[in-house]
Amino acid sequence: MEDIKHTYTIQWVGPLTYDEYKEYVKDCDTLDSGYFNFYYFEARPDARCKWHRYVGIHKENDGINYRLNARHEHFRKFMDCKVIRIWIGSFADAKNPKADRIEMVETLLIQAYKNMLTENKRKKRSLPSCSVCIINMWFDKYERLKNYKIERPCFDDVVLYYHEDNIFKRGNLSRVICND
């Protein structure tokens, strides 16, 4: 047995078009946009082209819209694409959004899914020296928890586990039972 030093739950909302994303973060019923520290987008010019994918972070608490917008160095290249899908994510625990934790989660996502993330080329932060478990929860734009039969990003795993020996394990729960 081993100790898992860090466990974080990320709540993802999406997929959103760019216009839906802008409306969502402005909506007064939405969680304050400063709590959204993660974003993922995928875009393609048309159905004949491959998907371009990028995951990023926003470490400030002034609103994710200050980072993910038409001026974003990667996102702006895809503003003319016919299909853009955006997911934004926040820590489930409001005590977690600290810069080092945000960076750690981003680094693990990039390393675990580097073969699918076509636009994440420069991130070179070292992996943590301890084990980490990330639990991803997926919600639609109405903030309803989603099952596994929905469109999700390339890193659609519910659980991502990193072992300090540079071992990644990831996957979905084979069966979720809801007692309502």
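## Salt bridges across the fold

A salt bridge here is a side-chain nitrogen of Lys or Arg within 4 Å of a carboxyl oxygen of Asp or Glu. With that criterion, a search of the whole structure turns up 8 salt bridges. Side chains of opposite charge can pair when their charged atoms come close. Before we visit some of these pairs, please keep in mind that this is a predicted model, in which local features need pLDDT of at least 70 and side-chain atom pairs count only at pLDDT 80 or more, while totals for chains, interfaces and linings use all residues. Residues are numbered from 1 along each chain as its sequence is written, and side-chain values use heavy atoms, with hydrogens and water left out.

One of the pairs is Glu42 with Arg85, whose side chains meet at 2.5 Å, N to O. Glu42 sits in strand β2 (residues 36–44) and Arg85 in strand β4 (residues 83–91), so this bridge ties together parts that are 43 residues apart in sequence. Both Glu42 and Arg85 are buried (buried means under 20% relative accessible area, exposed over 50%, and partly exposed in between, with a 1.4 Å probe and protein chains only). Arg53 joins Glu42 and Arg85 in a network of salt bridges.

## The overall layout

What does the secondary structure of the protein come to? There are 2 helices and 7 strands, and from the N terminus on they run β-α-β-β-β-α-β-β-β. These elements are DSSP runs numbered from the N terminus: helices are H or I with at least four residues, and strands are E with at least two.

Of the 180 residues in the protein, 46% are buried. Contact means heavy atoms within 4.5 Å. Among the contacts in the protein with a separation of 6 or more, 71% are between residues 24 or more positions apart.

Rolling a probe the size of a water molecule over the atoms shows where empty space is left. The second largest pocket holds about 150 Å³ of space. For such a search, a 1 Å grid is laid over the protein atoms alone; a pocket is an open set of points where a 1.4 Å probe fits, with protein on both sides within 12 Å along at least five of seven lines, and lining residues have an atom within 4 Å of a point. Grid points are joined across faces, edges and corners, and the volume is the space filled by probe spheres set on the points.

The lining of this second largest pocket consists of Leu16, Glu20, Glu23, Tyr24, Asp27, Asp29, Thr30, Lys141, Tyr142 and Glu143. Helix α1 (residues 18–26) gives the most to it, with 3 residues. By type, the lining divides into 3 nonpolar, 1 polar and 6 charged residues (Ala, Val, Leu, Ile, Met, Phe, Trp, Tyr, Cys and Pro count as nonpolar, Asp, Glu, Lys and Arg as charged, and the others, Gly among them, as polar).

## The loop between β5 and β6

Two of the lining residues, Lys141 and Glu20, also form a salt bridge, with the closest N and O atoms 2.4 Å apart. The pair links distant parts of the chain, 121 residues apart: Lys141 is in the loop between β5 and β6 (159–163), and Glu20 is in helix α1. Lys141 has 30% relative accessibility, so Lys141 counts as partly exposed; Glu20 is partly exposed as well, at 26%.

Glu143 is also in the loop between β5 and β6. Its phi is near 65°, a positive value in a residue other than glycine, and at 39% relative accessibility Glu143 counts as partly exposed. Another salt bridge joins the side chains of Asp140 and Arg144 at 2.7 Å, N to O.

## Ser131 and its surroundings

Ser131 is placed in the loop between α2 (99–112) and β5 (132–139). With 0% relative accessibility, Ser131 counts as buried. Its side chain reaches the backbone oxygen of Asp3 at 2.5 Å, a polar contact (a pair of N or O atoms within 3.5 Å; within protein, one must be able to donate a hydrogen and the other to accept it, and residues adjacent in sequence count only if both atoms are side-chain atoms). Not counting residues up to four places away in sequence, Ser131 touches Glu2, Asp3, Ile4, Lys5, His6, Tyr161, Tyr162, His163 and Glu164.
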